[in-house]
Amino acid sequence: MKKAIVIGSGIAGIATALRLNKNGYEVSVFESNSYAGGKIHAFTNKGYRYDMGPSLFTMPQLVDELFILHNKNPKDYFNYSRKDVVCNYFWDDGKRFSAPANQGEFINSAAIEFNTSHEVLRNYLTGSKEKYDLTENIFLRKSLHKWSTYLSFSTLKSLIQVGKLHINKNLDQVNRQYFDNPKLRQLFNRYATYNGSSPYKTPGIMSMIPHLEMHYGTFYPKGGMHEISQSLYRLAKDVGVSFHFDEPVTAINITDKVAEGITTAKAIYKADLVISNMDIFGTYQNLLNEEKQPKKILQQERSSSAIIFYWGVHRESSELDLHNILFSKDYQEEFNKIFEEKILADDLTVYINITSKEDESDAPEGCENWFVMVNAPANFGQDWKSLIAKARLSIITKINTVLKIKIEDLIDSEQVLDPIGIETKTGSHRGSLYGTSSNSKFSAFLRHANFSSAYKNVFFCGGSVHPGGGIPLCLLSAKITADLCTKP
Ligand code: FAD
């Protein structure tokens, strides 16, 4: 039986392992941590349960697909429910908007709340769908680094209609074309953060993301986001994938430009294929450090990172839902500070995720588990202690202004995660959440391919390579990679 080694048990690592196992490989996963899941992890603190990383779950069908691939009923492993409300939005002047997930209801409600015509909203969302349909097949489901991708009918069709994709304008410019209301623009600009980019730099093609939320929906997994990685980990064990925890890989062993296996602190392991799910930067710097480095790719701008406060809050808040956003007054200033100056603005947009709204057992009675996050620059050695203090103050001011409470008196317990912590726990270069940023119109093409062009039998999957970060794209990356491994 042919052997495959996967380095890292992030979501894409587990998904690639499952696909290669199905293709007849004996698969072993090596992980530096003592647990599977990478960024999709959870912890408890003083009676509160928290998801450590991702909080928004879209395209659950990509998870289900892996159970079906192994002839299992997804429901025996993993259950989730669809949300009726995408997000509750708040502004300092008292304006609030609860965004319905249903597209028709969203249009009706947003038209009234933001004094905008139904037609303009409908046109925008139709354009969003059109962009998604034109690009899904090329950008998300195939390697961009194989000629065959460019010779297909679907690619040619998209290239002919390239004007509709708005790649020569940034997301904010596209949104300005449609919406006069600055609050509505801010609402649609925020979709740039779904891949850690700035709406003032990322191309207008990103206006396809609202379609994903409104057409396919947003979901909450029973047991929390952590169940996404844990259910796939259980499946992988059931079908015979073996896991080696607390065993960091130190080298990919190459002879005459062909991968022969890996080295860890404990042993040398032989394999026919080596697939790295760790950050592409670390893969080259640490595991292939004797080999030629793709400098241009490794120097690309990283996506934003985050500062997260995990608060046990002694209060039940009827105005909040699972996802809540309290917007800053000057969105552009916020992103300029993050990407140009690599610091934080004084007034920040605050995201609050409360899973005890979905599952009461995540917090003690009468309390809530608040995951409070602000976007932050990637780690360039800034003074994080003072940036965390600044973020905390800005968050408290924002919450108190908007919700008219004194949040500092309601916090029972606190833990903090910053870009250094994200880098330490997951190996993500500079603590970025989504690998490289999508701040250029060429980003999709500059992301590293899912295979090595220099070494035979070396492949890559996960958020730092094609097609990019976020749970759905990582799952698609696993599929592209596994297909390349078996049908090069
Ligand atoms: P990772 O999760 O990055 O895992 C890589 C694994 O490799 C780790 O387990 C690491 O320990 C291991 N590793 C590293 N080096 C070695 C080595 N030398 N040897 C062995 N193992 C090694 N996405 C969404 O879809 N929705 C969200 O709401 C969302 N919010 C986010 C919020 C935060 C705070 C963070 C951090 C991320 C968020 N994301 C979100 C992004 C999403 O979590 C990631 O894109 C995705 O989980 C990355 O998965 P991955 O497969 O690339 O691997």
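Q: Is asparagine 450 buried or exposed?
A: In this predicted model, a residue counts as buried when its relative accessible area is under 20%. Asparagine 450 has a relative accessibility of 0%, so the residue counts as buried. Asparagine 450 belongs to the loop between helix H16 (443-446) and strand E20 (458-460).

Q: Which backbone oxygen does the side chain of asparagine 450 reach, and with which side chain does it make a polar contact?
A: A polar contact is a pair of N or O atoms within 3.5 Å. Here the side chain of asparagine 450 reaches the backbone oxygen of histidine 466 at 2.8 Å. A polar contact of 3.4 Å links the side chain of asparagine 450 with the side chain of threonine 481.

Q: What kind of peptide bond joins histidine 466 and proline 467?
A: The angle to read is omega, which is about 0° for this bond; the bond between histidine 466 and proline 467 is cis. Proline 467 sits in the loop between E20 and H17.

Q: Which residues come nearest to the ligand?
A: The ligand has 33 residues around it, and those that come nearest are Glu31, Lys39, Gly463, Gly470 and Ile471.

Q: Where do N or O atoms of the protein lie 3.2 Å, 2.9 Å and 2.8 Å from the ligand?
A: The side chain of serine 32 has an N or O atom 3.2 Å from a nitrogen atom of the ligand. At valine 249 a backbone N or O atom is 2.9 Å from a ligand nitrogen atom. At glycine 463 a backbone N or O atom is 2.8 Å from an oxygen atom of the ligand.

Q: How much of the ligand does the protein bury?
A: The ligand taken alone exposes 1000 Å², and 94% of that is buried by the protein.

Q: Which elements give two or more residues to the shell around the ligand?
A: They are helix H1 (11-22), helix H15 (419-426) and helix H17 (471-486). H17 supplies the largest share, three residues. By kind, the shell has 16 nonpolar residues, 14 polar and three charged.

Q: How many aromatic pairs does the structure hold, and how is such a pair described?
A: A pair of aromatic rings is described by how far apart the centres are and by the angle of the planes. The structure holds 35 aromatic pairs. In one of them, tryptophan 91 and phenylalanine 114, the ring centres are 5.9 Å apart and the planes are at 75°, so the pair is edge-to-face.

Q: Which parts does the pair of tryptophan 91 and phenylalanine 114 tie together?
A: Tryptophan 91 is in the loop between strand E7 (85-90) and strand E8 (96-100), while phenylalanine 114 is in the loop between helix H3 (103-113) and helix H4 (118-140), so the pair ties together parts 23 residues apart in sequence. Both tryptophan 91 and phenylalanine 114 are buried.

Q: Why is the pair of tyrosine 124 and phenylalanine 179 called tilted?
A: Planes under 30 degrees apart count as stacked, those over 60 as edge-to-face, and the rest as tilted. The planes of tyrosine 124 and phenylalanine 179 are at 55°, so this pair is tilted; the ring centres are 4.9 Å apart. Because tyrosine 124 lies in helix H4 and phenylalanine 179 in the loop between helix H7 (171-178) and helix H8 (182-189), the pair ties together parts 55 residues apart in sequence. Tyrosine 124 is buried at 3% relative accessible area, and phenylalanine 179 is buried at 1% relative accessibility.

Q: How many disulfides does the structure hold?
A: A disulfide needs two cysteine sulfur atoms within 2.5 Å. The structure holds zero disulfides. For cysteine 474, the nearest cysteine sulfur is that of cysteine 461, 8.3 Å away. Cysteine 474 counts as buried, at 9% relative accessibility.

Q: What is the value of phi at lysine 342 and at lysine 404?
A: The point to note is a positive phi in a residue other than glycine. Lysine 342 has phi near 60° and lies in the loop between helix H13 (331-341) and strand E17 (350-354). Its relative accessibility is 24%, so lysine 342 counts as partly exposed. Lysine 404 has a positive phi of about 55° and is in the loop between helix H14 (384-403) and strand E19 (411-417). With a relative accessible area of 67%, lysine 404 is exposed.

Technical notes: Residues are numbered from 1 along each chain as its sequence is written. This is a predicted model: local features need pLDDT of at least 70, side-chain atom pairs count only at pLDDT 80 or more; totals for chains, interfaces and linings use all residues. Side-chain values use heavy atoms; hydrogens and water are left out. A residue is near a molecule or strand if one of its heavy atoms lies within 4 Å of it. A polar contact is a pair of N or O atoms within 3.5 Å; within protein, one must be able to donate a hydrogen and the other to accept it, and residues adjacent in sequence count only if both atoms are side-chain atoms. Accessible areas come from the Shrake-Rupley method with a 1.4 Å probe; for residues, only the protein chains shown count as cover. Helices (H or I, at least four residues) and strands (E, at least two) are DSSP runs, numbered from the N terminus. Ala, Val, Leu, Ile, Met, Phe, Trp, Tyr, Cys and Pro count as nonpolar, Asp, Glu, Lys and Arg as charged, and the others, Gly among them, as polar. Buried means under 20% relative accessible area, exposed over 50%, partly exposed in between (1.4 Å probe, protein chains only). Rings of Phe, Tyr and Trp (its six-membered ring) pair if their centres lie within 6.5 Å; planes under 30 degrees apart count as stacked, over 60 as edge-to-face and the rest as tilted.
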